[in-house]
Amino acid sequence: MFYEPQNGHGLPHDPFKAIVVPRPIGWISTRSKSGAINLSPYSYFNAISDNPHLVMFSSSGHKDSVTFVEETGEFAANLVSHDLREKMNASSVNAPRGVSEFDYAGLTPAPCKLIGAPRVAEAYATLECVVTDIRVPTDRHGKPSGNFLVMGEVVGIHIDETILTDGLIDVQKAQPVSRLGYMDYATVSDVYQMWRPRWGESKG
Ligand SMILES: Cc1cc2nc3c(=O)[nH]c(=O)nc-3n(C[C@H](O)[C@H](O)[C@H](O)COP(=O)(O)O)c2cc1C
């Protein structure tokens, strides 16, 4: 089948988010100017550069995470392991501003080292980020989308050393959770290696 999104898909549910999978989940923790703390999952999340280390998350509307990030210029992106999946989901509750999703989900806020936002103590890794840019993406006609794309430079990284094997991050120990389409999620379990080809070398 082929469809143009503007004309509808004719399927029971919009397949777009089920096509772009798996999406990593940035579990974004922030602190407001007045000190309130906030935690919410964002699957429009990814690393966009490693030199410098840049990450982004995108909010469908002006959610609390965006408000807090605008106030302080900082956020932490925590990563979600399989054992924390239910707590991650609980933290997506539409709690009133000022109510901590750490408390609601039963998670422990721990201090970051370089930024004021808290981190999830239970997470296997956290990226401490300083905001570099906040954009409102447009459609192809230049019409503002109502989404907020937050980009940040990673200034500090926490790693739970129990997920390391011989100094390498062992994905089978970390068990990162990813977002699929509909109500589906996946935990990484099938890991294999491939080496990039070099022009002129035999395909072996
Ligand atoms: C796994 C998962 C991924 C999500 N990804 C996004 C996302 O990428 N963008 C978004 O706006 N909301 C996303 N949500 C919904 C937000 O987490 C939810 O609206 C939350 O209440 C926002 O909290 P805040 O207002 O405290 O920032 C996601 C929810 C879940 C459970």
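Me: Leaving aside its neighbours within four places in sequence, which residues is Ser59 in contact with?

Reply: Contact means that heavy atoms lie within 4.5 Å. Beyond its neighbours within four places in sequence, Ser59 is in contact with Tyr42, Val66, Gly146, Asn147 and Phe148. This is a predicted model, in which local features need pLDDT of at least 70 and side-chain atom pairs count only at pLDDT 80 or more, while totals for chains, interfaces and linings use all residues. Residues are numbered from 1 along each chain as its sequence is written, and side-chain values use heavy atoms, with hydrogens and water left out.

Me: Is Ser59 buried or exposed, and what does its side chain reach?

Reply: Buried means under 20% relative accessible area, exposed over 50%, and partly exposed in between (1.4 Å probe, protein chains only). Ser59 has 0% relative accessibility, so it counts as buried. It lies in strand E5; helices (H or I, at least four residues) and strands (E, at least two) are DSSP runs, numbered from the N terminus. The side chain of Ser59 reaches the backbone oxygen of Gly61 at 2.6 Å. That is a polar contact: a pair of N or O atoms within 3.5 Å, where within protein one must be able to donate a hydrogen and the other to accept it, and residues adjacent in sequence count only if both atoms are side-chain atoms.

Me: Which residues have the most contacts inside the largest nonpolar core?

Reply: In soluble globular proteins, nonpolar side chains tend to be buried together. A nonpolar core is a set of buried Ala, Val, Leu, Ile, Met, Phe, Trp, Tyr and Cys residues joined through side-chain atoms within 4.5 Å. Here the largest has 19 residues, with Val55, Phe57 and Phe75 making the most contacts inside it. At least two residues of this core come from each of strand E5 (53-60), helix H2 (64-72), strand E6 (74-78), strand E9 (125-135) and strand E10 (147-159). Another core lies apart from it, with 13 residues, among them Ile25, Val80, Ala105 and Leu107.

Me: In helix H2, is Glu71 buried or partly exposed?

Reply: Glu71 is in helix H2 and counts as partly exposed, at 34% relative accessibility. Its side chain reaches the backbone nitrogen of Lys33 at 2.8 Å. Glu71 and Ser32 are 39 residues apart in sequence, yet their C-alpha atoms are 6.3 Å apart. Phe68 is also found in helix H2, but at 2% relative accessibility it counts as buried.

Me: How many residues surround the ligand, and which are the closest?

Reply: A residue is near a molecule or strand if one of its heavy atoms lies within 4 Å of it. For the ligand there are 20 such residues, the closest being Asn38, Ser40, Tyr42, Ser60 and Ser65. A polar side-chain atom of Tyr42 lies 2.7 Å from a ligand oxygen atom. A backbone N or O atom of Ser58 lies 3.0 Å from a ligand nitrogen atom, and one of Ser60 lies 2.7 Å from a ligand oxygen atom. The protein covers 85% of the 650 Å² of accessible area that the ligand has on its own. Such areas come from the Shrake-Rupley method with a 1.4 Å probe; for residues, only the protein chains shown count as cover.

Me: How many disulfides does a search of the whole structure find?

Reply: A disulfide is a covalent bond between the sulfur atoms of two cysteines. The cut-off is a pair of cysteine sulfur atoms within 2.5 Å, and the search finds zero. The sulfur of Cys112 is 8.9 Å from the closest cysteine sulfur, in Cys129, which is too far for a bond. Cys112 counts as buried at 12% relative accessibility, and Cys129 counts as buried at 0%.
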